[in-house]
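Here are my notes for your first look at this model. Keep the viewer open and follow the points one by one.

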Amino acid sequence: MMETVLGTLGKATVLGIPPYFQNLTQRFGTATWKKSVENPLSKEYLFTYNKGNYTNYKPGQILFHPSNFSLEILSTQRQDQQLYEYSVTTGAGEKNWQLRLAVYEPVSDPSIHILDWMLANGSRTVTLNCTAAQGDNVSYSWASSEASTSSLCTHNGSLLLLSYDPTNSSLPCTCTASNPVSRRTTALHSSVCRSEERG
């Protein structure tokens, strides 16, 4: 059995176990947290628990919570992206629960830039690009902050082709940059378009 846990770079991450394994630990009293290292056949001990006594092999880096036998990584780093295993020693052997930790850098506030613009037939068309300087596996989406203009701004992807009436002083478009651990939104200011045109 395995589950994937999402961790945020630089933040604390808790690796928990299901109630079944909590009950097994309370019943048999001996358990171990381990993680895989570069060699797939090798495992590194992080924590051992034996009838209320425990040993922390990574003091200052991890915490053990005896109330639910979870492991907390205090400041998640890239190298923590590994396979973790919780093993309970039973009378006839051991039972294992595995977790894969996926670590992501959170996204920063996205920036909106004009790549191109033109004026034709009384309508202005601009190509906007939304980018976040930081973040892993970032996806972009555009939306409107006003229901009446939702079709104008709705789009998935970093580029938005926007056609609008140049007399319209308000462009209620927002760009959202997101990944599995974070989400940030920036609003388009129509003054950006006007200053670009003057330039």
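1. Start with Ser139, which stands opposite Ser178 in β15. Strands β12 and β15 (residues 173-179) pair in the antiparallel sense over six bridges; two strands count as paired if DSSP finds at least two bridges between them. Strands here are DSSP runs of E with at least two residues, and helices are runs of H or I with at least four, numbered from the N terminus.

2. Before you go on, note that this is a predicted model, where local features need pLDDT of at least 70 and side-chain atom pairs count only at pLDDT 80 or more, while totals for chains, interfaces and linings use all residues. Residues are numbered from 1 along each chain as its sequence is written, and side-chain values use heavy atoms, with hydrogens and water left out.

3. β12 also has strand β13 (residues 155-156) as an antiparallel partner, joined by two bridges, and here Ser141 faces Asn156.

4. Now find the open sheet with strand order β2-β7-β6 and antiparallel pairing. β2 (13-15) and β6 (62-65) are at the edges with a single partner strand each, so one side of each has no neighbour in the sheet. Three bridges join β2 to β7 (residues 70-73), and Thr13 is found opposite Ile73.

5. The aromatic rings are worth a visit too: there are eleven aromatic pairs. Rings of Phe, Tyr and Trp (its six-membered ring) pair if their centres lie within 6.5 Å; planes under 30 degrees apart count as stacked, over 60 as edge-to-face and the rest as tilted. Phe21 and Trp97 have ring centres 5.8 Å apart and planes at 55°, so this pair is tilted. Phe21 belongs to helix α1 (residues 19-28) and Trp97 to strand β9 (residues 93-104), 76 residues apart. Both Phe21 and Trp97 are buried.

6. Tyr49 and Phe64 make another tilted pair, at 5.9 Å centre to centre and 40° between the planes. Tyr49 sits in strand β4 (residues 43-50) and Phe64 in β6, so the pair ties together parts 15 residues apart in sequence. Ring pairs also link Phe47, Tyr49, Tyr54, Phe64 and Phe69 into a cluster.

Conventions. Buried means under 20% relative accessible area, exposed over 50%, partly exposed in between (1.4 Å probe, protein chains only).
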